[in-house]
Amino acid sequence: MSASLDVVGIGNAIVDVLSRTEDATVEKHGLVKGSMTLIDLRQAEAIYGDLGQSVEVSGGSAANTIAGVAGLGGHCGFIGRVRNDQLGGIFRHDVRANGTVFDTPPAESGPPTGRCMVMVTPDAQRTMSTYLGAAVEFGPRDLDLGLVQSAKVLYLEGYLWDAEPAKRAFLEAAQAAHAAGRKVALTLSDSFCVERHREGFLTLVENHVDLLFANEAELKSLYETDTFDAALQRVRGHCEVAALTRSEKGSVVLSGEEIHVVDAITLGPLVDTTGAGDLYAAGFLYGYTQGHGLYDCGRLGSLCAAEVITHLGPRPQGSLKDLVLAHM
């Protein structure tokens with residue numbers, strides 16, 4: 001059966017609250033600058049009260065990637081859990097606005113739709129405090145295996161690996177994708193996430209993942225190495241393709257004995273690094289599903305990441321199609 005979609009993502013369905021913040025606010029709430037911290041509803045309300053002017057947009061790592069693939073012209077789907085509340089309605093509307101299939105029924109009870117406070121300090125670093133809300137109850141019952149099997153690539157968000165039901169859902173979805181002859185991709189999401197779930201991620205990467213997305217810190221944490229080169233040698237052969245980002249150093253793409261070093265692209269001043277990894281994955285996955293070579297996939301990833309870091313927020317503000325026409 002031929003695939004009708006390019007990428008289907010599974011991830012946290014949350015709304016981002018983005019605000020420019022001083023370092024003192026980050027320190028006040030005991031957060032580790034540049035990291036993602038899971039918080040409860042009480043903490044979420046306290047942090048929100050200390051934020052200044054903010055922007056609310058639909059977010060979530062995998063959802064950002066799916067939005068990027070769709071913006072490039074890809075055909076996408078998304079699976080995630082929201083509540084039947086105001087934020088859930090905002091998320092649903094935004095995801096569907098670019099043509100993405102999102103039919104996961106909203107929860108009728110339980111925690112409210114999740115939200116992530118993204119504090120952007122003057123050095124453009126983003127510190128995220130995430131209340132997962134309804135997303136924390138995501139499990140196999142929320143899966144649409146028909147949708148999973150309709151896509152060339154299933155894209156899994158590492159942030160969702162915290163709860164046992166979500167882990168079962170990941171494995172069930174990956175098995176369904178492989179049964180249909182599809183590829184499975186995983187983003188490690190955050191080095192702190194890797195530290196919490198190293199053994200589970202290692203098993204996932206070695207047994208269920210074809211395409212791995214990770215930044216330098218995440219990869220070194222996964223293999224408990226001090227250098228990128230050592231981690232690179234460890235990941236070689238554990239999955240079909242590894243796309244590894246290194247901030248201003250660009251990225252390295254591995255596949256067996258094949259290796260590509262891809263330069264970073266600069267499109268303007270650095271404003272906010274939120275979404276850089278998500279949009280790199282978007283560009284890469286779009287190229288991959290359209291049959292481009294791995295180097296060109298990396299270039300597309302670098303270009304999309306370069307756009308999103310020039311403004312506040314985790315999703316493109318201009319046309320990615322036009323950007324590709326101008327630079328590729």
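How many salt bridges does a search of the whole structure find? Twelve of them turn up, and keep in mind as you click around that this is a predicted model. We'll visit a few.

Start by selecting D162 and R196. Their side chains meet in a salt bridge, with N to O at 3.2 Å. Now colour by secondary structure: D162 sits in the loop between β8 (151-157) and α6 (164-179), while R196 belongs to helix α7 (residues 191-196), so you are looking at a link between distant parts of the chain, 34 residues apart.

Next, pick K183 and E240. Here the salt bridge comes in at 2.8 Å, N to O. K183 is in strand β9 (residues 183-187) and E240 is in the loop between α10 (228-235) and β11 (241-245), which puts the two partners 57 residues apart. K183 has a relative accessible area of 27%, making it partly exposed, and E240 is partly exposed with 34%.

Now hop over to R246 and E216. The closest N and O atoms of this salt bridge are 3.1 Å apart. R246 lies in the loop between β11 and β12 (251-255) and E216 in helix α9 (residues 216-223), so the bridge ties together parts that are 30 residues apart in sequence. Is E216 buried or exposed? It counts as buried, at 18% relative accessibility.

Last stop: select D23, K33 and D123 together. These three are linked in a network of salt bridges.

Note on methods. Residues numbered from 1 in each chain as written. Predicted model: local features only at pLDDT ≥ 70, side-chain atom pairs only at ≥ 80, totals over all residues. Heavy atoms only, no water. Salt bridge = Lys/Arg side-chain N within 4 Å of Asp/Glu carboxyl O. Helix = DSSP H or I, 4+ residues; strand = E, 2+ residues; numbered from the N terminus. Buried < 20%, exposed > 50% of the residue type's maximum accessible area, 1.4 Å probe, protein only.
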